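Subject: Structure for your review

Dear colleague,

I am handing over the structure below, and my notes on what was found in it follow directly after. Please read them with the coordinates open beside you.

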Amino acid sequence: MDKPKKVVVVGGGFAGMTAALQLAEQGTKVTLVEKEVAIGGFFPLLDNTFPTNSCGVCFLSPKQPAYCPFVECRLHENLEIKVSSRPVSLKGEAGDFKMTLATTAQGVDQEKCIDCGKCSEVCPVSVPYEFSEGLEERSAIYKLYPKMVNAGYRIDSENCTKCGACVEICPTQAIDIEDFAVSETEIEADAVLLTPGFSLVESSLKGEYGFGRYQNVVSSRQLERMVSFSGPSQGKPLAPADGSTPQRIAFIQCVGSRDKSCGRGYCSSVCCMYATKQAMFIRERSPEIEVVIYYMDLRGMGKGYEKYFNQAKNEFGVEYRRSMVSTVKEDPKSKKLNLIYDSGNEFLEDQVDMVVLSLGFDAPTIDFATDIELELDDYGFCRTPEFTPTLTSKPGLFAAGAFNGPKDIPETVLEASAAADAVLVSLAAADGAVETNTDCENDSAEVLPTAPEEGEVWIEEPKIGIFLCACAGTIAAEIDLENICSDLKKRPYVACAEIVDNTCTPDGLLGLRRFIGEHELNRIIIGACSVRDMERSLDDFADKIGFNRNAFVITNLREQCLFPHMGNPEVVNSKAKALLSASYVQVFNNLPAPSLSVSVGDRALVIGGGVAGLNASLSLAARGYQVSLVEKADKLGGRLLDAHFTLEGSKPAELVEKLVAAVTENDKIEVLLQSEITAHHGRVGNYSTTVKSASAEGDEPKIIDHGVLILATGAQEAATEEYLFGQNENVIVQSELEKRLAAVDTSLNELKEVVMIQCVGSREAGKREYCSRVCCTHALKNALCLKELSPATKITVLYRDIRAYGLFEDYYLKARELGVLFTPYEVDKKPEVQANGAGIDVNYYDQILRKDVTLNPDLLVLSVGIEPRDVSELAQIMALPLDEYGFFAEANSKAALVDFVGEGRYHCGLASAPMHIKEALIRSQAAASRAATVLARKEIKAEKHMVTVSTRLCSGCGLCVEACPYNAREINLASMIAEIHPELCHGCGSCAAVCPNGATQQIGFDKGQMMSVTQALMR
Amino acid sequence: MKTTVIDLSADSFNGEIEAFLTRLLESDLVGSLLVPKRTTGGDNYVHALIKNPALLADTDIGAPVMPVQAARIISNLTFRAPGEKIGVVVKPCEARALVELTKFKQIDRDSVLIIAVDCLGTYEPKNFSALVKSGKTPALDLRKQAVAGACSADEAAPFRSACEICEYPALDTSIVDMVVGIWGVDTEKQIYVEATDDLAQALGEKSILEFNDQENSKRQEIITSLKAERTKVCTQVLGDFQQQVNSIKGIQELLSTCMRCHNCMINCPICYCRECVFRSPTFEHTPDQYLGWAEDKGAIRMPANTVMFHLTRLNHMVISCIGCGMCDTACPNDIPVMSLFRTVGGKAQKMMEYEPGRSYDEPAPATTFQDTELVTEAGMTGH
C-alpha cells in the first residue's frame, strides 16, 4: 500500500476545519496550521448565527448530524493541529512541497494545560481584551476565546509582569513565563490548501464615524459580544458611556466595504445579514430599544434570507433606511450621537444613543505569496478561475473560504468541501490510483489509539461509572452535583461517581477514559446534556476505546432538567436524582448494541445531467468510484446549453463541452439518458433505485444498487405574465437578451433606450419569497455587454436592491461608470408598463426626484429569476423533503447545505437553491466530497438502536412489515418469522411499537427495560 | 351472489345438511370439514375436523353453543397453508374473527371454504349441557322461534351476555363463501342458502347443490330490524357499563378479582400471539423487583400487573375485537371483560373508522400511516 498522502491546510477557521476533517476522513494525513493558540477562527465570536438564530457550532461539522468540529478535529487520528504557527515559506512542487513553519511558544505548554483557569485568576494584570475590542478585560495569562473549551491559554508577554503567581498555582506545571521562543520546523506535503480566512477592517477606518472618539460608537464585533449571552452584558446592549440601556440604536452598513476611497471596493457579503441578526436579538431581548439600519443595498442572497429580512421588518420592527451616512457627531453633554445621512435628495439628521459600525472584511496575508507568485487580486484576495474556483495559479496549491473573496459561513463550508474534493481529485490523478484507505497507519502521537476489541461487558459483573458534567459551570450552578455523586456512590455496583467539567471536550473524554481504566468500568452513565448533542461523540468515543455503544447511557440534566426548571433548585435537584436513578436501571438492562457492520457499495447514483450532476459525477469517478448518471432529457448539459457568457467573462459553452466530453469518455461513468426514477429504497451505503429509460422501450426497468445518491435535478427560468411579457414583442427576459448579445445581433446597436426591471416575481411574499441570486449579475453582464456593443444606448435598471455581492461589486461600479442608470423602486410601488402604440411606457416613482417618471424604451428586459422544477413526484419516491419553495431542503441552512437529514443522500446545483454556475460547481464538488466520505468508509456500523426478533415469540403476523417505513422487515416464508435487514434498519422503532407481544424489541428501548426505567422515574 | 331454497320433507333439517356436507366432503372442493359435532357424552357440541364422511353423523351446524371460538382452531389449521381446502362451518362472530386473523396472517384464506350459519344466540357451555341433560332440545327450540324473527332463551338459562347485544346475527357472502339462513326461514320445511357466484357454480357443476335463485325477503327484513334492536340494547348496556366504570378506581374495582389466569387471552380469537408478552421474560420479574415496588408503595397487589394486563390487551387488540364474548365465558370470576372491550373498542373503532370483520381489504389501523403522522422535525415525509 502506498504511503498516505499528506496535505497541509493553512488556517484553522471554518474553511480549514471543514476541509481538514473531510480530508482526514478520507484517509489523508492532514496538518492543520493555525497562527493563533487555538483553532476556531471567527466562530467563537458568534453567539448565534443567521438565519436560524441558533448557536450552530455543532452544525458546522462535515459529519452529520451535529457534532462539534473543534472536538472532531482534535480527535481525528489523521489530523494533526499545529497552533501558534505561521507558514513562512513554501518550496517545491505539487506532490513534493516543503513548508517551513514558525511556531511561537506562548508561555503555556498546551499539552499540559488542563484549562482550569486558576492562572488567570491569580494574575494581577488587567488589560483590554482584544476578543471584544476592549469591552471586557483580561489578565496577562488568558484564554484566546472565553467560554470556549480548550481554546488554549497564552501569556501576553508585553503586559506580563513576570510575578510568577501563575507558575506557582498551576497544578500541572504547564507555565514557563520565560518561554516565548520561536522554533522553525519543516513539513512535507503533497498538496497545500490555503484557508487563511479574513480579518475585520479596523473599526477606526472611517474616522468620520467617530469610533474611538465617541464612547457610544461601537463596532459590530463589540455588539456581537453584547448580544451574546456569554458576553459582558449577558445578551443586552448597553451604551458604553454610562452603561445605560440605549433607547435608539443605529447601524451603519458597509463600513470598509463598497468603498474605493478606503481601497475596498468589494462587498463583504455578510454584513447585511449579521446586522439584521444583531438587530433582531436587540429587539427580541429589549423591545423598548428602537433599531434603525442605514444601508445602501440590502444584500441577503441566500434562499431563506429574504424571509429573514421580512421577519426582522415585520415581526421584530427593525427599521431599514436606504441612505449613506456621512458623519456621526456626539453631543458631548448627553453623549447622544447625531447621524447626518444622505436620503437621496437631502441631508437629514437622526439622533441616537448608540451607533454600530458594521465592519467589512479585509483580505488575509500569506507570507510566502510573493515568493511563489501566487496570483492575488487588487484587494489581496486569491484569484481563482471561475470554473475551477478552488484552484490557485500554482498547481498543488488550493484555496477556499474568505481568502477567495468575502463570503458567509454556508458558502465557506461549501467551498471548503469543494476544495477538499479538488485536493483529493488531484492527488488521485497524480497517483494514477485512488487512495481510499481510511485506516492508514498512525505515525504521529494522537489523542486516541486505534479501536481495541469490544469486551464482553454484558456477562461481567457490573462496574458502573457515573460522570456528571458541570457543563462549564452551567449545570453545576443549580444542581448540587457533589451531593448527588455521594448519593450515587452508595448504590450497589457503582465503582465511581465523579464530576467532569466538560464531557463533550477531548479532555473531558480523556478524563472518562482514565476513570474507565482505573476502575475497570464496564457500564457508564453520563449526566450531561441532550442525547442529540452527546450521543454522536460518545458513540465514536466508545468505538475508539472498544466499548459497546450501549454500555453508555446519557442522562439529560440540562435540556430536560435544568432548563425547564431553572431557578427552582428543589425541583431541579430532585428531578436530576430521579433521572439518574432511571439511567441506573437502564444501564443494567441495556442490551448490547449490535456490532454488525454493513458493507458500502462503491457506486454513486447522480440524478441530473446538468453542470452540477456532470461535475459531481466526474469528481466521484476521478476518485475511483463507479457512477450512474441519470438524465431526463436526451442529452447532457442542462441549462448550461442555453448560457452564453458570464459576468466574469467565461464561456459556459466551453465548460459544458469539456464536462460532457469528460463524462462521456470516462469508463467509470454510466450515462442513462431519457431516464426517470420509478422506485427507490435502502439506507446509507446500500440503496436500490429503479430507473426506467424511454430510449430502451420494452426493456425491463434497470435496478441500480448504489451506496450514495446525489440529486442535481436543476431548476428553471421562472415564468411571468407581468409587465406585458408575452403580449408585447419588445418585452423580453434577460436570457433572451443574452442570446441576442451572444449572437451579436446588430439590431441591438440601434436601441436608443433599454429598461431592465429586476426582481420580477422574486422576493415577494406569497409568490417567490426568496431572492433568485443571479438576476442582478445577469442584468449587469447584459448591461455591460450592451454598453460595449452600443455605448449610446441609454440603459436604466429599475431595482429593489442591487445584489452584486462579494467581488461582483466591481462590475456594478463599472456599469455605473459606463453610464448605466440604477433607480430603486419599492415592492409596494412597482413600475407600471403599458403599451403605447408601437412603443412601451414604463412608469415608476423616482425616489430621488420624488415624482413619477415615464420612460419609453425600445426594449424592456425582465429579470425573472429562477423557480424550482416540480420534483414532488421524485421527492415522494425518494421520501426526501422539499423546502417551502419547492427546492430540496437542506439538513441545516448554515453548514449542511448539500445534505439531507442523515447521511448518504445529497443535493446540489439549482435543485437546492438559485445560484451562479461557479457556485453550482462548488456545490456539486461539495456534494461529491460529502458522498465520497461515505463511500470511502467501505463499511458502516449497523444502527445502534436496531431491532431484534425472538423466533420463539414471533407469530409472523406481519404488522412490523407493514409498519416499517424502510422495507427493513420481511417475513421469511419458510419459518414464518419476521426477519430484519440490518442494512436497511434506521432504528425508528415503528416495528417494535406495533409488535403486540414484544417478539420485536428495539435495542436501547427494550420493553422490560423501559418498564423498569418508567418505574424508577415514578418512584 | 346466488341463492336457493331447499324444500324439506318433515323435519329433516339436520339430515339434509348432513347429506349436503357429505356430498361436499366427497367432492374435491374440500379435503376436510370442520363442523360442530355432538360430544361423546352427548350433552354438548364442539368442532370436529372430519375426514371420513361417515362421521358427519351427529353434527349440528346451528348448535347454540360455542365452547371454543372456531377462528382460533382454524388459525391452528391454516396459519401455514395446509395443502388442502378445509370447509369450516362457523357462526357470524367466528367468521368475523377469521377476517381479522387473515389480516394478521394467522389464517390462509385460500385454504378455507367458509360456511356461516345464522346465529340465534348461544348458551354458556355448562348451561347448554344442563338443558340437554334435562331433556330439552335447545337447538330445535330456537330454530322454531327464528321463523318469526325473535328467539328467547330457555327460561332455565340465559343467552351469553355477548349474544344479547350482538349486532351480527347473520352475514351475507361478502366475507364468507356460503351462508345458511335460519332467521325468517321455516326450517321445518325449508333451508335457505346463499353462496358466492363461484362457489354456487362449482356446487352446481358437481351436483352438490343446485341454486334456483329463490330469495327470502323476510329474512332480510328480520335481520335489519334485529340489528336495529340489538344496537339499541347494546348502546344501553354499554352506556350503563361505562357509567359504572368511569374512573381509574372504577377500572381497578372492575378488575379487582382478576387473578391473571390469562383465560380471557387464551380464549380470545383475536389474541393471536404465539406467546403473550405477559408470559414472556419481559414480565418475569425478579423477587427484588417485587419487593422494591412493595417498598415504594407500602404494599402491592399480588399477583401484580392485573390492570396492566387488561390495558395492554385492550391496547393490542381492541381495535379488532369482534365482540364474541369468549372472554366472559372464560373468566372464572365473572369479570365482564367483554363489556370493557366492547365499550373501549367501539370508541377506538369509530375513531379509526374501522369495523373489525367488515372486509379483508381494510388494513389493520396499526399498519397504516397517514402522511402527517410521518412528519418529523426534519420535515421528512414517508410514503
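Strand 41 (residues 839-846) and strand 42 (residues 851-855) of chain A run antiparallel and are joined by five bridges, and, since you will be working from these coordinates, please keep in mind that the model is a predicted one. Within this pair, Val842(A) has Leu855(A) of strand 42 of chain A as its bridge partner. The two strands form a hairpin with four residues between them, and in the turn Arg850(A) has a positive phi of about 55°.

Chain A also holds an open sheet of five strands, in the order 3-2-1-11-22 and with parallel pairing. Strand 3 (79-82) and strand 22 (397-399) of chain A are its edge strands, each of them pairing on one side only, and the twist from one strand to the next averages 20°. Inside this sheet, strand 1 (residues 6-10) of chain A runs parallel to strand 11 (residues 191-194) of chain A, with four bridges joining the two; one of the pairings sets Val7(A) against Ala191(A) in strand 11 of chain A.

Helix 1 (residues 14-25) of chain A lies across strands 1, 2 (29-33), 3 and 11 of chain A, and runs at about 165° to strand 2 of chain A. Helix 8 (residues 409-431) of chain A packs on the sheet as well, where it touches strand 1, strand 11 and strand 22 of chain A, and its direction makes about 165° with that of strand 11 of chain A.

A further helix pair may be worth a look. The axes of helix 6 (residues 271-285) and helix 7 (residues 305-315) of chain A come within 10 Å and cross at roughly 35°, and the crossing is left-handed. From helix 6 of chain A, Met273(A), Thr276(A), Ala279(A) and Met280(A) meet Tyr305(A), Tyr308(A), Phe309(A) and Ala312(A) of helix 7 of chain A; by class, the residues of this contact are seven nonpolar, one polar and no charged.

Finally, there is the contact between the chains, to which chain A gives 22 residues and chain B gives 24 residues. On the side of chain A that touches chain B, helix 22 (959-963) and helix 24 (1007-1018) of chain A each supply at least two residues, and the largest share, three residues, comes from helix 22 of chain A. That side of chain A has 12 nonpolar, six polar and four charged residues.

With best regards

Methods. Residues are numbered from 1 along each chain as its sequence is written. Chains are lettered from A and ligands numbered from 1 in the order in which they are written. This is a predicted model: local features need pLDDT of at least 70, side-chain atom pairs count only at pLDDT 80 or more; totals for chains, interfaces and linings use all residues. Two residues are in contact if their C-beta atoms, placed from the backbone, lie within 7 Å. Ala, Val, Leu, Ile, Met, Phe, Trp, Tyr, Cys and Pro count as nonpolar, Asp, Glu, Lys and Arg as charged, and the others, Gly among them, as polar. Axes are lines fitted to C-alpha atoms, for helices over the stretch in contact, and angles run from 0 to 180 degrees between N-to-C directions. A crossing is left-handed if the near helix is turned anticlockwise from the far one by less than a right angle, and right-handed if clockwise. Two strands pair if DSSP finds at least two bridges between them.
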